[in-house]
Amino acid sequence: MDVTCPRCNTAHEPGVTFCGACGYSLRAGTSAPAAAGTGPGASYAAAAPELSDTGTLAGASLVGSMVGEYQVTGLIGEGGMGTVYSGIQPLIGKKVAIKVLKAELSRDPEVMERFLAEARAVNRIGHPNIVDVFSFGAFPDGAQYFVMEHLQGKSLSGYLEEVKPLPYPQAASICAQVFDALEAAHAHNIVHRDLKPDNIFLCDRPGGGFMVKLLDFGIAKFTDEGMMSGHTRTGVPMGTPLYMSPEQCRGRDIGPQSDIYSLGVILYELFSGTPPFVADSFYEVISAHLTKIPPPLRSVAEVPPELEAVVGKALAKDRAERYTTVAELRQAVLPILQGLAGSSAPTPVALGPAPSLSSIPSVADRAAAPPRSRTGLVVGVVAVVVLAAGGTVGGIVLTRQPPAAPPPPPPVVVQAPASQAGPVAPRTVTIQLMLNPPDAKHELFIDGTKHDRLEIEAPASKTKMIEVKVIAAGYQPFVATVRPISDMVFPVNLQKIGEPPKGGARRAAPAGGPAPGPAAPAKKEPPRVKRIEDI
């Protein structure tokens, strides 16, 4: 219930300490002094008499304080990087959200670069479907903040907890607005790199429906020259594993089509209720994006084949096989969704959870399978149909005839020895090494030779073993072997010197996957495992 100021009758959200209009203390029942920061432009320090000597609040909340020209009115949420508060501009009553980065993180140049990237990106794009950021500053203790528009509603992920699969009319409206926002970002050479339902916010419209706002450009990549962000280093995967493209998992060659892959994952989840790859660890999910074939959408949801084909193309491992632009994806999927929205079945039907990763075939398995010929089947079906009807084709009357004698066996073709054939280039696979902790100063040796990149490119082999050795100051030497069967992610978990081992000795990787590291102690997972935190 809103709190009403007894002096001027201005309504405020619950938890507000001072009236934003007249400065009256809503907690103590006395008027706050003007010097305490109730006037426009008052400082954060003046508004917080309980500031400690270090420049931070003695309490955990800024509620009631002034941040620039905005008064903090409540707490919206807290996370690993900071806190988001609600606020108001006292003179005009404009509601805002204030994102405050933790002071210790504000002193980290790389984290600050990521924090500032969001403000730069959204202001550069300037689109109504992207949350607006319009002020920036710092507190006395060094903590950085920016002020953005206040949104009322819920994230798409929160909405999917209540309604899934998503009805086609809502899917068409939400997707159209997401496409608008992303097209504008790509037109300004900005790749979002963290598209997921958590970052798609659904604002309630007075007349019904949703106004979509795209959030969190904190790890956006500026693709034009001169705008590269410091946190977009080659070879460092960034994003949320469930929605990352294969090239994002490798940490290189990231462009607009990476966002299209993430849109494909979101579309898959909208209509089936689950992402295509779900696992308990981000290593397994990243490996699946690199090596596994997504289960066909119609195996987990009752949708038309044309919708399955669109989602499948968006999820292609090879960027060349995906849609080139968001506009192409829009033209492919929106007419389908709009047609389904007006049909007698406006909601897709989920058939069950996605298969376990162990049962999903890999790209290497599919490539090794012999191609199936459909020519004989098609010809046979046509012949049976025509003969059954006793029909005529091109003036020739077709009648049923007794079966002819079987044809003689085809001649045996003798293949030339392999030595006489031309050389065949071996298939090359990529092994992405995931260093943990990622900032450890290290030296990497592959088969005894020093290697500068956390990435190995080698000929595919089911027998050859590659030795990986990592030497890092303060950590025990890491030595393991991996078999280069297909593209994969290989964890390199460093152990501090003197730290007791967490499991048995490392062993070679089994066929089709990376070598397991030390066994981690068993821990209880939260009920919902598909929302994996950002790397």
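Which side chain does the side chain of Ser-258 join in a polar contact? I found that of Gln-248, at 3.3 Å. A polar contact is a pair of N or O atoms within 3.5 Å; within protein, one must be able to donate a hydrogen and the other to accept it, and residues adjacent in sequence count only if both atoms are side-chain atoms.

I noted the basis of the entries. The model is predicted, with local features needing pLDDT of at least 70 and side-chain atom pairs pLDDT 80 or more, while totals for chains, interfaces and linings use all residues. Numbering starts from 1 along each chain as its sequence is written, and side-chain values use heavy atoms, leaving out hydrogens and water.

I placed Ser-258 in helix α6, residues 256–272 (helices are DSSP runs of H or I, at least four residues; strands are runs of E, at least two; both are numbered from the N terminus). Ser-258 counts as buried because its relative accessibility is 0% (buried means under 20% relative accessible area, with a 1.4 Å probe and protein chains only). Leaving aside residues up to four places away in sequence, Ser-258 touches Ser-245, Glu-247, Gln-248 and Arg-322 (contact: heavy atoms within 4.5 Å).

I then turned to the sheet. It is open, with 3 strands in the order β9-β11-β12 and antiparallel pairing (strands pair if DSSP finds at least two bridges between them). β9 (153–155) and β12 (210–214) are at the edges with a single partner strand each, so one side of each has no neighbour in the sheet. I traced 5 bridges between β11 (residues 200–204) and β12; Cys-203 has Met-211 in β12 as its bridge partner.

How values were computed. Buried < 20%, exposed > 50% of the residue type's maximum accessible area, 1.4 Å probe, protein only.
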